[in-house]
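Work through the exercises below with the structure open beside you. Try each task before reading its solution.

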Amino acid sequence: MFFHRPASGVETPAYEAALQKFHASLAAGPPSGFVSSSTYRVGGGYADWYLVESSAALDQLNEAAVNGARSTDHDAVAHMSADGAGKLLALVSGRARNEPGFEIRFSKPAGMTYPELYARLKPWTDRAELTLWRRMMVLGPPPEFCLTGPSEQTLPAAMSPESLRRDPI
């Protein structure tokens with residue numbers, strides 16, 4: 001996942017058009033291991049989600065994104081972007097989806113083990129329409145978890161949840 005926003009003075013329609021063009025170029029000639037990508041309006045910015053078969057595909061995705069025929073599309077977006085930050089997430093439960101809905105970002109409470117957290121999340125992770133993601137190897141900013149789904153969810157306050165509307169561009 002890559003978070004970003006348009007730089008000062010960049011018009012939203014032009015920014016979104018550049019993002020769509022870049023993602024279409026990835027889909028038209030996908031690098032090895034690439035499954036799909038989507039951009040969502042989230043909070044005050046954007047979140048790009050890149051689905052890959054495994055983390056081994058990230059080197060090829062990065063190389064393909066910035067070189068060759070895609071470099072012009074990538075550079076157009078990069079020159080319009082500000083405040084970018086990435087995060088590597090792994091699918092914990094559910095199925096990756098690209099529909100509108102919500103991202104509920106949250107943290108594991110201090111002192112709680114991962115098995116305890118996953119047991120506490122069962123009422124959500126057992127639901128087919130919800131997907132749970134976990135940050136890998138502390139690669140990226142907190143929080144550590146993201147629950148996605150079509151509707152807003154109320155997680156326990158101890159998890160410090162932040163619910164954000166997400167709409168595909």
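## Exercise 1: Overall fold

The chain has 5 helices and 9 strands. The model is predicted.

**Task.** In what order do the elements of the chain run from the N terminus on? Then check the chain against the globule rule.

**Solution.** 

1. Read off the elements from the N terminus: β-α-β-β-α-α-β-β-β-α-α-β-β-β.
2. Take the chain length, 169 residues. A compact globule of that length would have a radius of gyration near 15 Å.
3. Compare with the model. The chain has 16 Å, which agrees with the rule.
4. Along the principal axes, the C-alpha atoms fill roughly 45 × 35 × 25 Å.
5. Turn to burial: 41% of the 169 residues count as buried.
6. Finish with contacts. Take those in the chain with a separation of 6 or more; residues 24 or more positions apart account for 75% of them.

## Exercise 2: Classify two ring pairs

**Task.** Phe145 pairs with Phe106 and with Tyr118. Which geometry does each pair have, stacked or edge-to-face?

**Solution.** 

1. A pair of aromatic rings is described by the distance of the centres and the angle of the planes.
2. Count the pairs: the structure holds 6 aromatic pairs.
3. Start with Phe106 and Phe145. Their centres are 5.3 Å apart, with 15° between the planes. Planes under 30 degrees apart count as stacked, so Phe106 and Phe145 form a stacked pair.
4. Locate this pair. Phe106 is in strand 6 (residues 101–106) and Phe145 in strand 8 (residues 145–149). The two are 39 residues apart, and the pair links distant parts of the chain.
5. Check burial. Phe106 is buried at a relative accessible area of 0%. Phe145 is buried too, at 1%.
6. Now take Tyr118 and Phe145. The ring centres lie 6.2 Å apart and the planes stand at 85°, so this pair is edge-to-face.
7. Locate the second pair. Tyr118 lies in helix 4 (residues 114–120) and Phe145 in strand 8, so the pair ties together parts 27 residues apart in sequence.
8. At 24% relative accessibility, Tyr118 counts as partly exposed.
9. Join the rings up. Ring pairs link Phe106, Tyr114, Tyr118 and Phe145 into a cluster.

## Exercise 3: Charges over rings

**Task.** Which ring lies under the charged end of Lys108, and which ring does Arg166 lie over?

**Solution.** 

1. Begin with Lys108. Its charged end sits over the ring of Tyr114, 4.9 Å from the ring centre.
2. Tie this to the previous exercise: Tyr114 belongs to the cluster with Phe106, Tyr118 and Phe145.
3. Then take Arg166. It lies over the face of Tyr40, at 3.9 Å from the ring centre.

## Exercise 4: The surroundings of Thr131

**Task.** Is Thr131 buried or exposed? Which side chain makes a polar contact with the Thr131 side chain?

**Solution.** 

1. Thr131 is in strand 7 (residues 131–135).
2. Read its accessibility. Thr131 counts as buried, at 1%.
3. List its contacts, leaving aside neighbours within four places in sequence. Among them are Leu91, Ser93, Ala96, Cys146 and Leu147.
4. Find the polar partner. The side chain of Arg97 makes a polar contact with that of Thr131, at 3.1 Å.
5. Thr131 and Val10 are 121 residues apart along the chain, and their C-alpha atoms are separated by 33 Å.

Methods. Residues numbered from 1 in each chain as written. Predicted model: local features only at pLDDT ≥ 70, side-chain atom pairs only at ≥ 80, totals over all residues. Heavy atoms only, no water. Phe/Tyr/Trp six-rings, centres within 6.5 Å; stacked < 30°, edge-to-face > 60°. Helix = DSSP H or I, 4+ residues; strand = E, 2+ residues; numbered from the N terminus. Buried < 20%, exposed > 50% of the residue type's maximum accessible area, 1.4 Å probe, protein only. Lys NZ or Arg CZ within 6 Å of the ring centre and 35° of its normal. Rg over C-alpha atoms; globule rule 2.2 N^0.38 Å. Contact = heavy atoms within 4.5 Å. Polar contact = N/O pair within 3.5 Å; in protein donor to acceptor, adjacent residues only side chain to side chain.
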